[in-house]
Amino acid sequence: MPRIKSLEGIAISASDSENSFDFNPASFVKEKVAEIRGVVGNARAAIATSGGVDSTACAALAHRALGKGLVCFFMDTGFMRQGEVEEVKKLLMPLGLPLKILTVKDIFLRELEGKVEAESKRLAFRDTFYSILGEAAKKEGCEVLIQGTIAPDWIESSGGIKTQHNVLEQLGVDTFNKFGFRLLEPLLDLYKDQVRILARYLGVKVDASERQPFPGPGLLVRCIGPISEEKVEVLRSATSVVEERLKVTRPAPKQYLAAVIEDERSPSKKAVEQAAAQILPNAKVEYLRWRATGVKGDNRVYGKIAIVTGEERGPSELFGLPEKIIHKDKEIVRVVYAVDGGRSVKEGKFVIIVRAVETRDFMTAKPSPIPLKVLKQIAEKVKKDKRVSLVCYDLTSKPPATVEFE
Amino acid sequence: MYIPVVFMGGQYNHLIVRALKELGVESRLITPNMKVAALKEIDGLIVGGGPHSVNDGMDKFGSAPQIIEGAGFPILGICLSHQLIGKLLGGNVVKGRKPEYGKTVIQVIEPDDILQGVGKEFVAWASHNDEVRKDGGRFSVLARSIYCEVEALKGNGRPIYGVQFHIEVSDTPKGKTILKNFINLCRG
């Protein structure tokens, strides 16, 4: 597991340019524009944007500092949502950012196909991403890469929770020797809510800056277990259904997403089912085949996903289930509840997990009380794809689970 | 008013600094490897959580144990550092039989000290594998939960405190009140 070299290094990096709590976007922009100009000088710089809030705000900031000296890349990794490329174009156009699109799906699929464990997938994604980016930037004559890494990214990576795809220097990766560029990360001390303030200040469209956070590796971190083209495709269409429906649910959850995993289950222990029955009578608890990332006591864990089937209940009545179950089997990090009374499509081979959470800063999160009716509507629509056998709702808070799955 | 936060490797350490600043207190993360003499000008100290266990040796905690044992200023330890304080004050730290991850309900035993104004019970977020047992330790127990018998402690005759749960996360709504109480203590 990658770890920061010393606690000392990180303590210093966190304190030097510490922002005041009352975040003032005007003075932040002024300071960072000067800093970016100072580092880049007369050279050119590249930025890779995913269309997410962090990288878009960072691109707008860098553009303000460098104007035509900035080259903006978008990498179509094959793990993007439906219509993502068009969305990103629409988002960046009004900011006057010319976009170079790199279509590299095949390379990513080749590098990732067959990999199972979350951390090995993340590392393969990271190395592929920066190799392609380093080459493309070199062709454009760029020596500096700017990226929108924010505080939770490096906090989680250095604590060993998970390797974020965009955290390099904090982990001691020498980017110049490995990928051929110097790295500049102007948003390193900001939290998500501060980035949103910055995005609005820089003229990133409000609907865009309120868009669902989407991690750099995209759908990859929501494909639990082995990667295949078909699995990503199933997830992509389920994601559209989930986002479309939960976008109009009131009160709106802070973040919502879908994940996919093979429908291969094994029985749990008797004690686990008895514990679950305290909240859901006659509950059946099984384990899914592949593990997911969680965080327990500041340690990253890679634990079991328990799937609970039983009577139909609103999810908010079941929020006590994870605690009960995890006390009986400490290897569990996630508990999901089968919508539709667990009625599954026979020929289906994938389970779709719907996740919706309430959170201020993504450092902790709790599951949203989505009405059962809404989840059933989602399930009905998602199960039109006969490759999906079952739709579940994630009942787990962060900790012990994380917001994303891997 | 200056209350630095000792970075012990936990994910939420940065949030403690953020919360202190929100309350108008100057703060920054400092390394546990600092020299004790460097702490002359401070009003109080918060020691954050982290991934290690106090039962795996003290070498990972830098000067923190020495400071906790000898400090003349108020100290608040969170999560791992609550356990560190419990152990240094003569209690025991053991693996929790029913560890808490996420929501828990804190039951207040001693309402007049650092837990003033939070009510008899309140919701907090915790994430810990280990827990403190009093076992004759030189501290009093200020709060408990149904799964953990020492959720908050105070050293005998000294303004040294520990909380097992995370007062710095937004899912602990009473966290700010507790932090304010600690800041008031630091005002002396």
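**Fold of chain B and the setting of B:Ser81**

From the N terminus on, the elements of chain B follow the order β-α-β-β-α-β-α-β-β-β-β-β-α, in a model that is predicted. The radius of gyration of chain B is 15 Å, close to the 16 Å given by the globule rule for 188 residues, so the chain is as compact as a globular protein of that length. In total, the secondary structure of chain B amounts to four helices and nine strands, and the C-alpha trace spans about 40 × 35 × 30 Å along its principal axes.

Of the 188 residues of chain B, 61% count as buried, and among contacts between residues at least 6 apart in sequence, 70% join residues at least 24 apart. The accessible surface of the chain comes to about 7,000 Å², with 47% of this area belonging to carbon and sulfur atoms. As for charge, chain B carries 22 positive and 19 negative side chains, and the centres of these two sets lie 1 Å apart.

Within this fold, B:Ser81 is located in helix α3, which covers residues 80-88 of chain B. B:Ser81 has a relative accessible area of 0% and is therefore buried, the cut-off for that class being under 20%. When residues up to four places away in sequence are not counted, B:Ser81 touches B:Met8, B:Val47 and B:Gly48. Two of these contacts involve polar atoms of the serine side chain: the side chain of B:Ser81 reaches the backbone oxygen of B:Val47 at 3.5 Å, while a polar atom of that side chain lies 2.5 Å from the backbone oxygen of B:Gly48.

How values were computed
Residues are numbered from 1 along each chain as its sequence is written. Chains are lettered from A and ligands numbered from 1 in the order in which they are written. This is a predicted model: local features need pLDDT of at least 70, side-chain atom pairs count only at pLDDT 80 or more; totals for chains, interfaces and linings use all residues. Side-chain values use heavy atoms; hydrogens and water are left out. Helices (H or I, at least four residues) and strands (E, at least two) are DSSP runs, numbered from the N terminus. The radius of gyration is taken over C-alpha atoms; the globule rule is 2.2 Å times the number of residues to the power 0.38. Buried means under 20% relative accessible area, exposed over 50%, partly exposed in between (1.4 Å probe, protein chains only). Contact means heavy atoms within 4.5 Å. Accessible areas come from the Shrake-Rupley method with a 1.4 Å probe; for residues, only the protein chains shown count as cover. Lys and Arg count as positive and Asp and Glu as negative; His and the chain ends are not counted. The place of a charge is taken as NZ of Lys, CZ of Arg, CG of Asp or CD of Glu. A polar contact is a pair of N or O atoms within 3.5 Å; within protein, one must be able to donate a hydrogen and the other to accept it, and residues adjacent in sequence count only if both atoms are side-chain atoms.
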